[in-house]
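Me: I've got a structure to go through. Can you help me read it?
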Amino acid sequence: MGQSKSPGAGVVGYHAAWKLKKQSETGTHGLLTAALGRLLQDKLALLGLGIILVVVTVAVFAPYFAPNDPFKVDLMQRLVPPQAQYPLGTDHLGRCLLSRLFYGSRSSLTAAALALAAIMLISIPFGTLAGYCGERVDNILMRIVDVLLAFPGLVLALVIAGMLGPGLLNVMLAVAAVRWVGYARVIRGTVLSVKEKEFVLAARACGTSGLGIIIRHILPNVLSPVIILATLDMGRLIIAISALSFLGLGAQPPVPEWGAMLNDGRSYMQVAPQLMIYPGLAIMTVVLAFNLLGDGLRDALDPRGTVRL
Amino acid sequence: MSFVPVLKVHNLSTHFQTRHGVIKAVDGVHFMVAAGKTLGLVGESGCGKSVTALSILRLIEPPGKICSGEVWLNGYDLLRLPAKQMRQVRGREIALVFQELMTSLNPVLTIGTQLTETIFSHEEVSQAEARRRAAELLAMVGLSDPEGQMRRYPFQLSGGMRQRVMIAMALSLRPKVLIADEPTTALDVTVQAQILVELKRLQEELGMAIILITHDLGVVAAMADEVAVMYAGTIVEFGPVAEVFDCPAHPYTRSLLRSVPRLSREELVPIEGQPPALLNLPAHCAFLPRCPQAGAECRGDKPGWREIGPGHAAACYRAFQSLPEEARCG
């Protein structure tokens, strides 16, 4: 789209067209395939993707990777520095720090992923409805969004989590309840612009129903901005959940969670700095990885990217 | 020549409510089309051609509103049909082809998906059957390798190919009436000719009526049986194509014909002035400020229809007087 119209597209456009022809001849055409191809050429995004894959693998197979039982308290071995049996040392209760980090990745990633799922579940219908119905419905729904946006996110999440009581599930809900508004806005905006496209009118002229148009024509076009936003936001979700856990609202002992581990290590910062350094590093690395992947995806899924294949 | 109208549009008015007042985009339009015939709807940009097309299908969005009129098809007035039945009419009875080639196809769906969707939305058929029919349609509109095209995305097709796909989509349910809104405006002339020939052939094959909306008088001359000239939301002249082109009766039609470049003529004569703003139109003839033949009677009420020849009429007080002697053939 647009490659023949953009100014100065001449040579590039021809080249792209030739490449496309090659692609379609080999039968590997398709928008997602093309986007994936572009993503694979982005080294930083690949790095991000690699880190995420490693962390996910560790989370899934934590029992196999963990050198020790993460829950086993051994008061004789408190705050042990790194050594053969405890590669990163032990915490204030003598539990293996590395094992707890491995198991902690499970809570942190699942919580963020589930929060994201909850966000999608609320924001996609909400944003689509607001964008598609327009006028009054749009006004009412968007004012709700405005009100929620007026609160500082973390404070509101803190209030909700405080009301629901501590626990990882409640923290997820609290974060989702605060974060969905941004998605709803982006989705509404995209729906608004897609709705004005001729193909929507063409579909209506062919007798397609309103629901059919939303499902077949509008949602697929909304997908790519949502994927980008979600990937970029995964990092922020992990931080938000860790932050609430750090404040004692999230994962409850003895469940290991990175934010909670940071909090546990706080009192022993001078004696055993590794108790804060490693969970902190873990959070930072994962957040960075998601941001790198998100940036790469944004470039890859940008339709204007078709020109510079 | 028997004239059996399939679609009758009677006194159709579509107005847009804006902050500054009412815009009468379409104001009392009448016409009819017969099966197997083509009606050319011509006029300058913004004279209400496309709004007329959208009004027939009831696809006008707020702030636009169809204020009055009747659109008769199969003995039903489309403007009074329940929404659900109206959806059945769209695509099955009346189909629409757009001019916007870049955005009329959904960029994220394959051609095949978009074609079969139209079939699915009206008929209960299997996936395989729908795909077989879609391939048939693509072959019918003259695309080679229909199976392969169905797997492509719109951005992988050229403008002409996209327009053929659009036509295939419009024809997928064998509609009785095809409204083609500037179907060839965005194409270069050779492709334009191909598409027009194809449309003509398909019309003969399927016996459908075509309403061809265009500002290209050459296209109308080649394609249409009858022509309706629109100006500022109303039809000002109507008649068989040869009649209207040979002895145009309305001063606007005449000016329009003079502003078409021809090899045999040295000078192009543009129409002086601008088309009127459709906001707060005056009570008198809308063409008056630009009319070279205007007289005192033109400042009164809007002129009614005057018959010029068989089936040929113009809405102008001076339709007769102003005709040059040698051009008077009615």
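This is a predicted model: local features need pLDDT of at least 70, side-chain atom pairs count only at pLDDT 80 or more; totals for chains, interfaces and linings use all residues.

Me: Where does Arg90(B) lie?
Reply: Arg90(B) is in helix 2 of chain B, residues 83-92.

Me: And is Arg90(B) buried or exposed?
Reply: Arg90(B) is buried, yet it has no salt bridge. Glu61(B) is the nearest side chain of opposite charge, and it is 9.5 Å away. A salt bridge needs the charged atoms within 4 Å.

Me: New topic. What is the strand order in the open sheet of chain B?
Reply: The order is 2-1-4-5, four strands with antiparallel pairing.

Me: Which strands stand at the edges?
Reply: Strand 2 (21-34) and strand 5 (76-77) of chain B. Each has a single partner strand, so one side of each has no neighbour in the sheet.

Me: How many bridges join strand 1 and strand 4 of chain B?
Reply: Eight, in the antiparallel sense. Leu7(B) stands opposite Leu73(B) of strand 4 there.

Me: Which helix packs on the sheet?
Reply: Helix 1 of chain B, residues 49-56. This helix touches strand 1, strand 2 and strand 4 of chain B. Its direction makes about 110° with that of strand 1.

Me: Last one. Where is confidence lowest in chain A?
Reply: In helix 1 of chain A, residues 10-26, with a mean pLDDT of 43. Over residues 1-29 of chain A the pLDDT is below 50. Chain A averages 83, and helix 3 (residues 43-60) of chain A is highest at 92.

Note on methods
Residues are numbered from 1 along each chain as its sequence is written. Chains are lettered from A and ligands numbered from 1 in the order in which they are written. Side-chain values use heavy atoms; hydrogens and water are left out. pLDDT is the predictor's confidence in each residue, from 0 to 100. Helices (H or I, at least four residues) and strands (E, at least two) are DSSP runs, numbered from the N terminus. Contact means heavy atoms within 4.5 Å. Buried means under 20% relative accessible area, exposed over 50%, partly exposed in between (1.4 Å probe, protein chains only). Lys and Arg count as positive and Asp and Glu as negative; His and the chain ends are not counted. Two strands pair if DSSP finds at least two bridges between them. Axes are lines fitted to C-alpha atoms, for helices over the stretch in contact, and angles run from 0 to 180 degrees between N-to-C directions.
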